[in-house]
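Please look over the sequence and the structure, then read the points below.

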Amino acid sequence: PKPARTHHCSICNRCVLKMDHHCPWLNNCVGHYNHRYFFSFCLFMTMGCIYCSISSREMFREAYLAIEKMKLLEKERLQFTVNQTYYQTPPPTYTFREKMFHKCIVYLWILCSSVAVALGALALWHAVLITRGETSVERHINKKERRRLQKKGKVFQNPYSYGRCNNWRIFFGVERRLHWITHVLLPSSHLPRGDGLVWNTSYTTENRATVLAI
């Protein structure tokens with residue numbers, strides 16, 4: 001039998017420990033050993049795009065207004081050319097290089113802002129899952145199980161949720177306060193907690209705490 005939280009990926013054609021999803025952009029599965037890297041990438045990439053969008057908003061505004069001014073001047077130039085007689089068409093008001101420069105600024109700002117929104121939504125969704133102690137696959141499984149037990153008048157409890165703060169500590173491998181800096185903010189190659197084969201459930205954790213309290 002497969003270990004707990006392990007699922008088979010039909011694309012990779014293999015079983016993945018604590019599988020979250022298959023990412024087409026990475027061309028790989030996100031699971032036990034790279035889930036932390038995936039979330040950190042989404043989070044820091046979103047923060048970087050937001051910073052670039054905010055810091056360059058004035059540059060975008062100037063480039064956008066310049067493009068609108070180019071269109072207006074070009075329209076006036078063409079109207080003037082129609083009403084006048086010229087041996088040759090008058091030169092454009094702006095050079096091709098100036099036009100492309102302003103258009104690239106606008107394009108890059110829109111692209112950066114779009115990535116910030118899309119990737120930010122993905123990072124937020126995974127943050128919710130991490131807080132609940134779930135993966136994307138387990139989210140669907142637990143949702144069905146919650147509905148099934150609700151019909152029987154029972155309450156579903158996620159066996160792999162150890163509390164909001166503990167879920168984040170386990171996810172990032174934080175054991176001391178200093179690890180929030182060395183393991184989260186700074187690049188770190190430390191392995192995740194556990195081997196991904198055996199998982200302690202919240203039930204066993206509660207039972208151990210009760211025995212220790214006694």
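**Overall layout**

Along the sequence, the elements of the protein chain come in the order β-β-β-β-α-α-α-α-α-α-α. That gives seven helices and four strands. The model is a predicted one. Of the 214 residues in the protein chain, 34% are buried.

**Loops between the strands**

- K18 sits in the loop that joins β2 (14–16) to β3 (21–23).
- The phi of K18 is positive, near 45°, and K18 is not a glycine.
- K18 counts as buried because its relative accessibility is 13%, under the 20% limit.
- N27 belongs to the loop between β3 and β4 (28–30).
- N27 also has a positive phi, of about 55°, without being a glycine.
- With a relative accessible area of 62%, N27 is exposed, since the limit for that class is over 50%.

**Helix α1**

- Helix α1 covers residues 35–55.
- The 21 residues of α1 should span 30 Å at 1.5 Å a residue, and the C-alpha atoms at its ends are 30 Å apart, so the two values agree.
- The buried residues of α1 are H35, R36, F38, F39, S40, C42, T46, C49 and S53.
- S53, which lies in helix α1, has a relative accessibility of 11% and therefore counts as buried.
- A polar contact of 3.1 Å joins the side chain of S53 to the side chain of S113.

**Helix α3 and the residue after it**

- Helix α3 takes in residues 96–132, which is 37 residues.
- At 1.5 Å a residue α3 should span 54 Å, and its end C-alpha atoms are 54 Å apart, so expectation and model agree.

**Nonpolar surface patch**

- L43, F44, M47, L178, W180, I181, L185 and L186 make up a nonpolar patch on the surface.
- Together these residues have about 750 Å² of accessible area.
- Two elements, α1 (35–55) and α6 (179–185), each give two or more residues to the patch.
- L185 is one of the patch residues and lies in helix α6.
- L185 counts as exposed because its relative accessible area is 57%.

**Salt bridges**

- Side chains of opposite charge can pair when their charged atoms come close.
- The structure has four salt bridges.
- One of them joins the side chains of R5 and E138, at 2.7 Å from N to O.
- This pair links distant parts of the chain: R5 is in the segment before β1 (7–9), E138 is in helix α4 (residues 136–151), and they are 133 residues apart.
- Both R5 and E138 are buried.
- Another salt bridge is formed by the side chains of E68 and K71, at 3.9 Å from N to O.
- E68 and K71 are three residues apart in helix α2 (residues 57–83), so about one helical turn separates them.
- An α-helix has 3.6 residues a turn, so residues three or four places apart point the same way.
- E68 is partly exposed, at 34% relative accessibility, whereas K71 is exposed, with a relative accessible area of 53%.
- R139 and E134 also meet through their side chains in a salt bridge, at 4.0 Å from N to O.
- E134 counts as buried, given its relative accessible area of 5%.

**Cysteines**

- How many disulfides does the whole structure hold? A search finds zero.
- C9 is in no disulfide, and the nearest cysteine sulfur, that of C29, lies 3.2 Å away.
- A disulfide would need the two sulfur atoms to be within 2.5 Å.
- C9 is buried, at 3% relative accessibility.
- For C52, the closest cysteine sulfur is that of C112, and the 4.7 Å between them is too far for a bond.
- C52 is partly exposed, with a relative accessible area of 37%.

Methods:
Residues are numbered from 1 along each chain as its sequence is written. This is a predicted model: local features need pLDDT of at least 70, side-chain atom pairs count only at pLDDT 80 or more; totals for chains, interfaces and linings use all residues. Side-chain values use heavy atoms; hydrogens and water are left out. Patches are made of residues with over 30% relative accessible area and no salt bridge: like charges are joined within 9 Å, nonpolar side chains (Val, Leu, Ile, Met, Phe, Trp, Tyr) within 5 Å. Accessible areas come from the Shrake-Rupley method with a 1.4 Å probe; for residues, only the protein chains shown count as cover. Buried means under 20% relative accessible area, exposed over 50%, partly exposed in between (1.4 Å probe, protein chains only). The expected span of a helix is 1.5 Å times one less than its number of residues. A polar contact is a pair of N or O atoms within 3.5 Å; within protein, one must be able to donate a hydrogen and the other to accept it, and residues adjacent in sequence count only if both atoms are side-chain atoms.
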